[in-house]
Amino acid sequence: MMRIETPWGPWEAAPLGEVVTLMRGLAAPWWVAGGYAIELAVGHAYREHGDVDIALLRRDQLAVRRLLDGWDVHAAVVPQTLRPWALGEVLPEQAHDIWVREHPDGPWRFQLMLDEADDEEWIFRRDPRIRRPPAGLTVEQDGFRRIVPEVQLLYKSKGLRPKDEADFEAVLPLLGEGERRWLAEALEIEHTTHLWRERLASDAPDAPDGPDGPDDVRRREIA
């Protein structure tokens, strides 16, 4: 794994397999996210990874904090800052990014992200109009779950870093018609215009709709 220097200390990400083994101790749902989720969908390595992202629902945060008893765990409660996350503490709603390492003198090893949901749907935290049934959010692979590519690409659509473009190009040929349409409409809702929308429409494969069409993307706004 590459070493990345940050203002909050260096990153030397743990191997994905080690993080998955640790997370198997969590009874609540969790899934691999980020670039590794795209790579798993593609089926082969095509770039380096600077971190390992694991996502779970906010309502399960205390369970994962108990799992990580003995680790040094910090949360980004205020943007551009990190502070320790104590056992038993319920994080405020604005906190969704958590960094984890074995001890305070070591490098950061993996990242947790808290996702939003109500009783029936996963909710995209940057725009609550974008929702999805939980059954269509992840798929099982190699004995654990990963987020589906179209949802991960929606998260990646904000910054368009070189690695995000690489992930988009790598997985685009594998997206079916329904997956492309879901992502295109979600991009329209969040960004209005986005350069990926035209590329999703061009050379789209002839494939049956996925489980979630555009009507599943646009939902009422939360009051």
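**Exercise 1.** Find the loop in which Leu160 lies, and decide whether Leu160 is buried, partly exposed or exposed.

*Solution.* Step 1: Keep in mind that you are looking at a predicted model. Step 2: Leu160 sits in the loop between H4 and helix H5 (162-171). Step 3: Its relative accessibility is 24%. Partly exposed covers the range between under 20% (buried) and over 50% (exposed), so Leu160 counts as partly exposed. Step 4: Look at the backbone too: Leu160 is not a glycine, yet its phi is positive, about 50°.

**Exercise 2.** Work out how the axes of helix H4 (residues 149-156) and helix H6 (residues 177-191) are oriented, and which residues make the contact.

*Solution.* Step 1: The two axes come within 9 Å and cross at roughly 25°. Step 2: Angles under 35 degrees count as roughly parallel, so H4 is roughly parallel to H6. Step 3: H4 passes H6 in a right-handed crossing. Step 4: On the H4 side, the contact is made by Glu150, Val151, Leu153 and Leu154, and on the H6 side by Glu179, Trp182, Leu183, Ala186, Leu187 and Glu190. Step 5: Sorted by class, this contact of H4 with H6 has seven nonpolar, three charged and no polar residues.

**Exercise 3.** H4 also meets H2. Describe this crossing, and then say how many residues of H2 are buried.

*Solution.* Step 1: The axes of H2 and H4 come within 10 Å and cross at roughly 145°. Step 2: The crossing of H2 and H4 is left-handed. Step 3: Gly34, Gly35, Ile38 and Ala41 in H2 meet Pro149, Gln152, Leu153 and Lys156 in H4. Step 4: The residues of this contact of H2 with H4 divide into four nonpolar, three polar and one charged. Step 5: Turning to H2 itself, nine of its nine residues are buried, among them Tyr36 and Glu39.

**Exercise 4.** In the largest nonpolar core, which residues touch the most other members, and which element gives the most residues?

*Solution.* Step 1: This core has 32 residues, and Trp30, Val32, Ile98 and Leu112 touch the most other members. Step 2: Elements that give two or more residues to this core include strand S3 (30-33), helix H2 (34-42) and strand S8 (110-117). Step 3: H1 gives the most, with four residues. Step 4: Follow Val32: beyond its neighbours within four places in sequence, its contacts include Leu16, Val20, Ala37, Ile54 and Phe144. Step 5: A second, separate core of 30 residues includes Ala55, Ile130, Leu137 and Trp196.

**Exercise 5.** Locate Glu198: in which helix does it lie, and is it buried or exposed?

*Solution.* Step 1: Glu198 lies in helix H7 (residues 195-201). Step 2: With a relative accessible area of 65%, Glu198 is exposed.

How values were computed:
Residues numbered from 1 in each chain as written. Predicted model: local features only at pLDDT ≥ 70, side-chain atom pairs only at ≥ 80, totals over all residues. Heavy atoms only, no water. Core = buried A, V, L, I, M, F, W, Y, C linked by side-chain atoms within 4.5 Å. Buried < 20%, exposed > 50% of the residue type's maximum accessible area, 1.4 Å probe, protein only. Contact = heavy atoms within 4.5 Å. Axes fitted to C-alpha atoms, helices over the stretch in contact; angles between N-to-C directions. Parallel < 35°, antiparallel > 145°, perpendicular 65-115°, else oblique. Left-handed = near helix turned anticlockwise from the far one by under 90°. Nonpolar A, V, L, I, M, F, W, Y, C, P; charged D, E, K, R; others polar.
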